[in-house]
Structures are given as structure tokens and as C-alpha cells.
Amino acid sequence: MHRMIITSLCLTMVITGAAAAAENPDITRIRALYAEAQKKECGSGCEHHNYNITLNTMMPATGLQTKKIRFTLSAEQANPREDPYLFLRRLHKVTVSWNISASAQYTVEYLYDEKERPVFFFHREAAVGGNSEKRFYFTGNRLIRVDAIPGPAPESRARYIRERGFSDNEVREARAILHRAVRYRKLFRTLGEAGEWN
């Protein structure tokens with residue numbers, strides 16, 4: 001019995017290691033960037049790594065809609081000797097969450113690389129009928145992977161991962177994602193400038 005358990009564990013480790021070795025290096029890099037951004041979202045005590053915007057709108061028939069936009073960033077002094085108040089800010093991630101009444105909650109994330117280029121998009125819908133998720137991976141503004149769990153209908157719950165042969169809808173959605181990611185990056189820069197306005 002012990003031999004079977006040990007053999008099973010060894011086989012699992014070999015399979016896991018082989019899968020990791022076969023991983024696309026762009027995906028591995030994006031996951032590392034995501035982990036780096038997550039470290040900056042450490043909750044209370046590190047608010048200096050975030051800009052936060054809350055928008056409240058009373059919508060007809062659905063009531064209060066609240067949209068929260070969170071910019072995760074790093075900042076360092078550009079030239080501490082000459083101007084200690086001049087900072088270089090780098091955008092890591094934008095997280096947007098909103099509701100449609102009390103029945104559905106949406107969260108999207110845009111991840112950026114070291115040059116503030118969009119590399120990853122995540123979308124989650126949590127609704128009464130079920131949840132759905134989508135992940136789009138990019139390199140050089142080119143779509144390289146779609147990982148999705150459609151929903152909420154039970155027959156469409158099968159997860160799929162595609163790295164080529166993207167559908168026309170996926171290509172259109174990828175373009176729209178990149179466009180929105182650039183707009184959020186512009187808003188981030190405007191917020192940084194506004195922090196210096198008197």
C-alpha cells in the first residue's frame with residue numbers, strides 16, 4: 001500500500017514538472033507579473049500602493065450601482081536630491097468591480113508589464129444563475145491565450161483553453177480589452193498628475 005502511494009506521488013510530481021516545463025514562457029512571465037502586483041495589494045497598511053475611485057449612480061429600475069476602480073502601482077523618487085516630491089509611478093494592475101442591482105457582481109482586472117503594456121485580462125461574473133470567468137493573455141498586443149469557464153447555463157460550464165485558432169468574437173473582444181486597458185492607463189497617468197495640482 002505504501003509503495004502504491006509513493007509511486008502515485010512520484011508520478012504526480014513528474015507529470016506536474018513536465019507540465020511546468022512545457023508552459024509557454026510568456027504565460028509564466030505574466031503569472032510572475034501578476035504575483036508581483038498581488039504583493040502590492042496587501043490590504044491595510046499599504047494603501048500608498050493604490051489609487052481608488054468609487055462611482056455611485058442611481059439607475060432606473062435597478063437602484064444603486066457602485067463601480068470601484070483600483071489602480072495598483074509602485075512609486076519611487078525620480079531625483080531625491082533636486083526634487084524630493086517628483087515621483088516615477090509604474091502601473092501594475094487595474095481592478096474594476098461593479099454591480100447590476102443585487103443580483104450580479106462583476107470584476108475585471110487589467111495587468112501591465114514593466115513598460116505598462118497590457119498583458120493580461122480577467123473577467124468574473126457572479127450572478128444568481130451561476131458564475132463565469134475569462135482570462136485573456138497578451139504579448140506585444142497579440143492575443144496568445146484564452147482561458148474561459150462560460151456560464152451560467154450548466155451545459156456551457158466546460159472550461160476551455162485555446163492558444164490558437166481564436167474565434168472572430170474572441171479577436172474582437174481582445175481588441176476591445178486592449179483599447180480599455182490603454183484608456184485606464186491614461187486615467188492612471190491623469191490621476192498621478194492631479195496629485196500634484198494645487
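Predicted model: local features only at pLDDT ≥ 70, side-chain atom pairs only at ≥ 80, totals over all residues.

Colleague: What percentage of the residues in the protein chain is buried?

Modeller: The protein chain exposes about 12800 Å², of which carbon and sulfur atoms supply 56%. A residue counts as buried when its relative accessible area is under 20%. Among the 198 residues of the protein chain, the buried share is 31%.

Colleague: How far apart are the end C-alpha atoms of helix α2?

Modeller: Helix α2 covers residues 25-39, which makes 15 residues. At 1.5 Å a residue, α2 should span 21 Å. The model agrees with this expectation, because the end C-alpha atoms of α2 are 21 Å apart, that is, 21 Å.

Colleague: Why do the buried residues of α2 line one face of the helix?

Modeller: The buried residues in α2 are I27, I30, L33 and A37. An α-helix has 3.6 residues a turn, so residues three or four places apart point the same way. Seen down the axis of α2, the buried residues therefore line one face, since they fall within an arc of 120°.

Colleague: Which residue caps the N-terminal end of α2?

Modeller: The face of α2 turned away from its buried side carries P25 and K39, both exposed. At the N-terminal end, a side-chain oxygen of the capping residue lies 2.7 Å from the backbone nitrogen of D26. That residue is N24.

Colleague: Which element gives the most to the largest nonpolar core?

Modeller: This core has 25 residues, and those touching the most other members are F71, V94, Y110, F136, F138 and Y184. At least two residues each come from β2, β3, β4, β6, β7 and α3. With 6 residues, the element that gives the most is α3.

Colleague: How many residues belong to the second core?

Modeller: This core is separate, and its members include I30, A37, V119 and F122. I30 and A37 are also among the buried residues of α2. The number of residues in the second core is 10.

Colleague: How far does α3 reach from its first C-alpha to its last?

Modeller: α3 has 27 residues, and 39 Å is expected at 1.5 Å a residue. Its buried residues include A174, I177, Y184 and F188. Y184 is also in contact with V94. The reach of α3 is close to the expected value, at 39 Å.

Colleague: Is E133 buried or exposed?

Modeller: E133 is found in strand β6, and its side chain makes a polar contact with the side chain of R135 at 3.0 Å. Leaving aside neighbours within four places in sequence, E133 is in contact with residues including F122, R124 and A148. Its relative accessible area is 17%, and the cut-off is under 20%. E133 is therefore buried.

Colleague: How far apart in space are A148 and S132, C-alpha to C-alpha?

Modeller: A148 lies in strand β7 and counts as buried, at 4% relative accessibility. Beyond four places in sequence, A148 is in contact with E133, K134, A158, R159 and Y160. A148 and S132 are 16 residues apart in sequence, and their C-alpha atoms are separated by 7.7 Å.

Note on methods. Residues numbered from 1 in each chain as written. Heavy atoms only, no water. Helix = DSSP H or I, 4+ residues; strand = E, 2+ residues; numbered from the N terminus. Expected span 1.5 Å × (residues − 1). Buried < 20%, exposed > 50% of the residue type's maximum accessible area, 1.4 Å probe, protein only. Arc of directions from axis to C-beta. Polar contact = N/O pair within 3.5 Å; in protein donor to acceptor, adjacent residues only side chain to side chain. Core = buried A, V, L, I, M, F, W, Y, C linked by side-chain atoms within 4.5 Å. Contact = heavy atoms within 4.5 Å. Areas by Shrake-Rupley, 256 points an atom, 1.4 Å probe, with all protein chains shown as cover.
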